[in-house]
Amino acid sequence: VANIGYDNRWQSGYLAGTYLAKALGGKGKILQIWGPSGSDWTRGRRIGFDKALKENPGIKVVGEADGGYVRDKGFTAAQDLLTKYPDVNAIYGENEEMALGASQAIDAAGLKHWDGKTGILTIGADGLISGFKAIAEGKLTATVDIGGIDQGQNLIETIFATVALGQSVTQIINNPTQVVDKTNYKWHQAYAQWALDTTRKYGK
């Protein structure tokens, strides 16, 4: 009936790579923590990130590891990489949980978080409440919000149009994908909280 998602899968990786390259002034050493090999999400985001790297040749990947899409594995992966490369400028966690694990590894290593000029920049993807909170605390630099709330609303509206109204909804609906950092996280956080707090009653 319809395909509802967020832009192209590589878009998230491209936005993250472009953001950190700009923040670092086009030069720096970075670490990457990816989801499981073979994952469609990982494959797509890697295509986007590689595109950003080609456009910013001064950014060098010095180490990468599998973070399994979960925080504890992201933490372990980042901890191991930071032991080998403590002088890196940024860490890209392919999803938010791995990025938050990397943030914890920075703390555990006694290293400094990004303050806009120095420290280790961390960026992930998803746009979760946990990520917005970490941005507010200065523990996560940025995340790529993939428009999960809008995806959900579009899905429900499409189902309603199809089932209740008998309409044929043959289209692709791509929701905006955007970087969230300290400059705009409050709006995204409030929007996400509104969606989580909204109570809807169906039937009697």
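How many bridges join strand E4 to strand E5? Three bridges link E4 (residues 90-93) with E5 (residues 121-126), and the two strands run parallel. This is a predicted model, in which local features need pLDDT of at least 70, side-chain atom pairs count only at pLDDT 80 or more, and totals for chains, interfaces and linings use all residues. Residues are numbered from 1 along each chain as its sequence is written, and side-chain values use heavy atoms, with hydrogens and water left out.

**Sheet**

- Six strands form an open sheet with mixed pairing, in the order E3-E2-E4-E5-E6-E8.
- Strands (E, at least two residues) and helices (H or I, at least four) are DSSP runs numbered from the N terminus, and two strands pair if DSSP finds at least two bridges between them.
- Strand E3 (59-66) and strand E8 (178-180) are the edge strands, each pairing on one side only.
- From one strand to the next, the twist averages 20°.
- In E5, Ile123 stands opposite Tyr92.

**Helix on the sheet**

- Helix H5 (residues 129-136) packs on the sheet and touches strand E6 (142-145) and E8, contact meaning heavy atoms within 4.5 Å.
- The direction of H5 makes about 150° with that of E6; axes are lines fitted to C-alpha atoms, for helices over the stretch in contact, and angles run from 0 to 180 degrees between N-to-C directions.

**Elements at the largest pocket**

- H5, helix H6 (148-163) and helix H7 (185-197) are the elements that give two or more residues to the lining of the largest pocket.
- H7 gives the most, with five residues.
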